Amino acid sequence: MQMEKFYYDNKIVKAFGYATVIFAVVGMLAGLWAAIQIYAPSTSLGLAPTTFGRIRPLHTNAIIFAFVGNSIFTGVYYSLQRLCKTRMFSDKLSWIHFWGWQLIIASAAITLLMGYTTGKEYAELEWPIDIAITLVWVVFGINMFGTILKRRERHLYVAIWFYIATWVTIAMLHIVNSFEIPVSFMKSYSWYAGVQDALVQWWYGHNAVAFFLTTPILGLMYYFLPKAANRPVYSYRLSIIHFWALIFLYIWAGPHHLLYTSLPDWAQSLGTVFSLMLIFPSWGGMLNGLFTLRGVWDKVREEPILKFMVVAITCYGMATLEGPLLSLKNVNAIAHFSDWIIAHVHIGGLGWNGFMAFAIMYYLIPKMWGTTLYSKKLANNHFWLGTIGIILYAVPLYWAGFSQSLMWKTFTPEGQLKFQFLETVTNIIPMYVTRSVGGLVYLIGALLMVYNLYKTIVQGKFIPNEEAEAAPLQKLERHGKEHWHRWIERRPVTLLVASLIVVAIGGILEFVPAFLVKSNVPTIASVKPYTPLELQGRDIYVREGCYTCHSQMIRPFRDEVVRYGEYSKAGEFVYDHPFQWGSKRTGPDLARIGGKYSDSWHYNHMDDPASMSPGSVMPSYSWLLDNKLDTSSTPAKIRAMQKLGVPYPEGYDRKANTDVKAQSESIAASLKKDKIETPADREIIALIAYLQRVGKDIKQEKKNEQTALK
Amino acid sequence: MLSAITRKNRISSRLKGVLMSIVLLTVTSSRVFAAEPPAPTSLNNPLALTLVTLMIILLIVIIMLGRLLLGLAEIKLQKEKEEKSNKGTTAAMLLVLLLSSVSAFAQDAVSEVPATIGGLSAFAFYSMMAVLFVELLIILALLINMKFLLQKDKETVFEPAFARPPAIVAWWGRLNKFKPIEQEAAIELDHEYDGIRELDNRLPPWWLYGFYVTIILSVVYLWRYHVAYSAPLSKEEFEISMKEADEKVKAYLEAKGESVDENTVTLLTDAGDLAAGKAIFNTACVACHKADGGGLVGPNLTDEYWMHGGDVKNIFKTIKYGINAMPQWQTSYSNKQIAQITGYVKSLHGTNPPDAKAAEGELYKEDAAAAGDTAVDSVKN
């Protein structure tokens with residue numbers, strides 16, 4: 001058999017590796033800053049771009065798509081070539097992918113800070129960037145598939161199954177969730193509204209965790225763990241079962257983010273049971289990882305790479321057990337909207353994603369520079385700092401989440417709420433402080449890694465093209481009985497299609513009834529479209545990222561109904577493109593804020609929140625008092641809404657600004673009565689108009705009912 | 001004499017019978033809730049939840065022990081074949097007998113429990129207890145059998161003390177069906193990818209059965225919420241909890257004898273009450289009405305003009321239920337406390353603070369009020 005000689009492309013791996021390290025630090029800094037802002041709002045510097053509502057999306061996007069994204073590409077570009085015994089399909093596509101992705105990250109950072117956002121978590125980027133992501137993702141797909149098709153290895157290793165499933169599912173999720181109608185160059189409205197938008201968004205949000213933060217990393221684990229430990233993978237058949245079960249079940253579980261909301265009960269129940277069934281398929285990955293280390297646990301004590309991996313896999317196991325438990329309604333009733341969830345995701349983020357990325361960096365860089373790691377001791381220190389950081393981060397937040405949630409629910413024997421919302425916040429501020437210390441410790445660990453890797457690079461010599469040898473693909477020879485699954489491992493396209501079918505089932509079976517069956521969203525006659533001024537105000541609400549701290553979803557619980565008002569109904573959100581239910585209550589729920597306070601209260605509160613509620617941790621939004629409202633966008637916004645089915649009268653787009661003016665002036669007049677002099681054309685006026693409208697329509701319904709009865 | 005294979009099959013089919021009857025029992029007992037009023041409340045019953053959880057845990061224990069026992073029996077039989085001995089067979093036969101009697105008992109339990117005891121949970125409670133009892137019996141039987149098998153092993157197998165792994169390690173190995181590392185070559189697959197080899201270890205039994213249990217639980221869950229309607233959906237759950245809370249509060253207030261409301265409230269002038277009222281005023285009201293009551297965002301409380309009525313009852317109502325921009329305070333403060341705030345507000349009358357807001361609303365004179373009330377009648381809307 002003639003051996004063929006070829007070269008692995010290490011340069012592209014190096015580029016993605018550098019990007020990983022840089023964005024690790026950037027993303028964590030953004031996170032640390034956001035964490036500090038929660039207890040020290042003045043650190044927002046009083047500037048719009050650096051306020052929590054914009055820094056938080058920057059942090060999540062930077063960590064998910066820049067740090068973890070680049071770490072995935074680093075690992076995939078390294079392992080795919082070696083598992084397929086070939087160079088990447090096209091160097092040109094590799095570099096288009098690399099620079100395309102970094103450009104997307106850069107534009108994401110800029111636009112998010114400027115306030116361009118769709119207002120949907122982890123999918124905040126506006127439509128031109130969404131299109132760019134789709135294109136770059138396709139480039140990555142072509143390059144990956146090209147490589148697979150020209151492989152010198154007949155069968156696809158389990159790592160590649162995970163890469164393929166990741167690619168096809170992320171493509172599906174991104175495209176379906178990003179359906180939006182452009183209003184202008186950097187503004188769009190979600191195609192879906194209210195309950196349906198929420199369902200699609202959390203189908204996406206949950207599976208972004210599943211297929212961006214989990215499956216590709218599992219693929220990487222299947223390559224780097226046996227390599228680093230020099231042990232055979234524990235069980236081939238476990239790989240098969242947990243792979244297919246995982247990708248099939250994961251996609252259904254999205255509605256567990258919407259338990260007790262206005263989402264129909266059947267969809268909520270599906271979210272619960274599919275989460276429950278996910279425990280063991282998720283653990284299959286953990287077991288296959290940990291059991292691979294059988295017989296080399298003495299090595300784990302010495303080798304920092306293995307240490308990182310063991311803690312990462314353990315964190316994965318804990319988070320994937322906790323997730324299903326959080327999907328049980330009685331646990332969710334306490335945990336949802338609280339810091340418990342933030343702690344939960346950071347076990348996954350810091351533990352699983354962070355530690356796996358670090359382990360891969362420590363493995364790859366010495367290999368590609370033909371040297372050994374500069375200092376094992378430093379890496380060990382990094383490991384301990386990281387671990388302590390995770391504990392310091394998570395434990396206080398679990399405590400904070402649990403205690404705050406119980407405070408929300410506490411009544412006096414006389415039947416009054418025992419705690420004002422603000423009291424429950426100030427009570428957990430010490431926990432917020434500790435958490436940010438945990439984050440800082442973790443970041444210091446990461447900086448040690450940067451130094452260590454730098455020193456390693458300096459002492460080694462980079463091998464841009466690594467020589468390798470392999471026989472060309474031989475005609476298939478069957479000898480003896482083979483496992484049935486080997487069949488599909490020879491057929492990458494079949495595997496791709498099969499994965500797509502398996503992951504599409506859950507989504508289709510949840511969406512079709514939710515969109516087509518009317519009874520899922522019962523209409524409420526008194527719910528009317530927003531006035532143009534309220535619509536503009538709503539866009540400001542979205543722009544400032546209010547949803548990062550305030551929910552608009554009153555769940556049917558005694559404490560929430562007493563605290564906020566009647567629980568939210570599905571029919572109230574039919575004109576909400578996008579929905580703004582939120583996922584965390586750092587501030588109180590706003591679903592029935594309309595009419596609760598006076599216009600002047602809102603005006604003063606936006607200028608200096610602490611003046612209206614002493615001790616508040618909300619930052620000042622004083623620029624809203626000075627910024628002039630851009631009314632030139634009103635007609636386009638009305639037309640876009642009409643296209644989405646919002647019943648504004650024909651030709652209303654031309655008259656809308658007249659109504660904007662009239663409503664603005666009436667609000668300015670009401671402010672004047674309370675001794676506040678302001679021009680009527682400021683953004684604050686639009687925001688007040690919106691806030692005074694939220695959740696009020698249903699009160700009108702009640703009045704109508706009463707008059708009808710009389 | 002039966003071959004090892006058929007014997008094994010029979011044991012596992014027995015085991016399956018027991019499991020099925022337990023699952024059926026779980027499901028049927030939950031149907032019982034649906035049949036009897038007031039159905040959904042019993043599901044909030046922590047006792048019921050605890051019992052169901054216990055039942056499930058014991059079920060898992062039974063499955064695990066069953067697997068373990070089967071494995072042990074298999075080894076035993078293998079050994080017997082080699083030793084040409086009859087002792088083990090007796091043991092296996094005994095095991096079969098024991099299990100069959102147990103499973104028969106489990107089936108009986110369903111029909112034997114009387115449904116005559118009043119209250120909704122009596123029947124459910126006893127049937128659940130019966131299931132638990134049966135489960136415990138099965139576990140006991142399994143344990144006895146296992147001990148029996150293991151004892152025999154100890155007598156025959158000689159091992160030097162130092163080579164035996166600690167019990168926990170051995171147990172862990174059995175739980176996962178680990179293949180000893182030395183024998184790994186037998187299950188190594190004939191391929192490698194970039195130097196990565198793969199073993200074909202069996203699925204850890206607890207993992208596989210755990211997966212099955214979650215699937216069964218999911219079916220039961222969906223069945224209960226959406227087919228049998230024996231568990232309350234969000235909205236029902238809400239109504240139940242509101243009703244319970246109302247009753248509790250009512251009972252508490254009645255017991256305490258503190259039942260002031262807008263119809264019975266009178267002006268409090270006692271220094272203690274005014275101080276209490278002032279304390280609340282200074283936290284809750286100052287943001288809008290200023291510390292001296294002169295008004296800021298909210299109206300001036302020190303003049304003679306009132307927007308929603310200036311007598312005790314109307315002020316009490318305005319504070320309690322809120323109106324327009326004035327938030328409601330009944331969710332934060334008790335009626336007693338609201339009466340104290342009302343008293344304090346009334347005490348501010350005529351203090352003429354500096355920078356006070358201009359008068360709003362209608363004139364209200366204390367003495368005139370005695371003659372005819374100018375109050376706005378419906379504060380709440």
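This is a predicted model: local features need pLDDT of at least 70, side-chain atom pairs count only at pLDDT 80 or more; totals for chains, interfaces and linings use all residues.
Q: How many residues of chain A are in contact with chain B?
A: On the chain A side there are 52 residues, in contact with 44 residues of chain B.

Q: Which elements of chain A give two or more residues to that side?
A: They are helix 2 (52-84), helix 7 (215-229), helix 8 (236-250), helix 9 (265-292), helix 20 (558-564) and helix 21 (599-607) of chain A.

Q: And where does the largest share come from?
A: Helix 9 of chain A provides the largest share of the side that touches chain B, with 12 residues.

Q: What is the division into nonpolar, polar and charged residues on the side of chain A that touches chain B?
A: That side has 27 nonpolar, 14 polar and 11 charged residues.

Q: Turning to helix 8 of chain A, which of its residues are buried?
A: The buried residues in helix 8 of chain A include A:Tyr236, A:Leu238, A:Ser239, A:His242, A:Phe243, A:Leu246, A:Ile247, A:Leu249 and A:Tyr250.

Q: What span should helix 8 of chain A have?
A: With 15 residues at 1.5 Å a residue, helix 8 of chain A should span 21 Å, and this agrees with its end C-alpha atoms, which are 21 Å apart.

Q: A change of topic: what domains is chain A divided into?
A: Chain A has domain 1 (4-462 + 487-510) and domain 2 (532-709). The C-alpha centres of these two domains of chain A are 34 Å apart.

Q: At what angle do helix 13 and helix 16 of chain A cross?
A: The axes of helix 13 (residues 339-368) and helix 16 (residues 429-459) of chain A cross at roughly 10° and come within 10 Å. The two helices of chain A are therefore roughly parallel to each other.

Q: Which residues meet between helix 13 and helix 16 of chain A?
A: A:Leu350, A:Phe358, A:Met361, A:Ile365 and A:Pro366 in helix 13 meet A:Tyr442, A:Met449, A:Leu453, A:Thr456 and A:Ile457 in helix 16 of chain A. This contact of helix 13 with helix 16 of chain A has nine nonpolar, one polar and no charged residues.

Methods. Residues are numbered from 1 along each chain as its sequence is written. Chains are lettered from A and ligands numbered from 1 in the order in which they are written. Two residues are in contact if their C-beta atoms, placed from the backbone, lie within 7 Å. Helices (H or I, at least four residues) and strands (E, at least two) are DSSP runs, numbered from the N terminus. Ala, Val, Leu, Ile, Met, Phe, Trp, Tyr, Cys and Pro count as nonpolar, Asp, Glu, Lys and Arg as charged, and the others, Gly among them, as polar. The expected span of a helix is 1.5 Å times one less than its number of residues. A residue is buried if 20 or more other C-beta atoms lie within 10 Å of its own, exposed if 12 or fewer, and partly exposed in between; C-beta atoms are placed from the backbone. Domain bounds come from an automatic or database domain assignment. Axes are lines fitted to C-alpha atoms, for helices over the stretch in contact, and angles run from 0 to 180 degrees between N-to-C directions. Angles under 35 degrees count as roughly parallel, over 145 as roughly antiparallel, 65 to 115 as roughly perpendicular and the rest as oblique.
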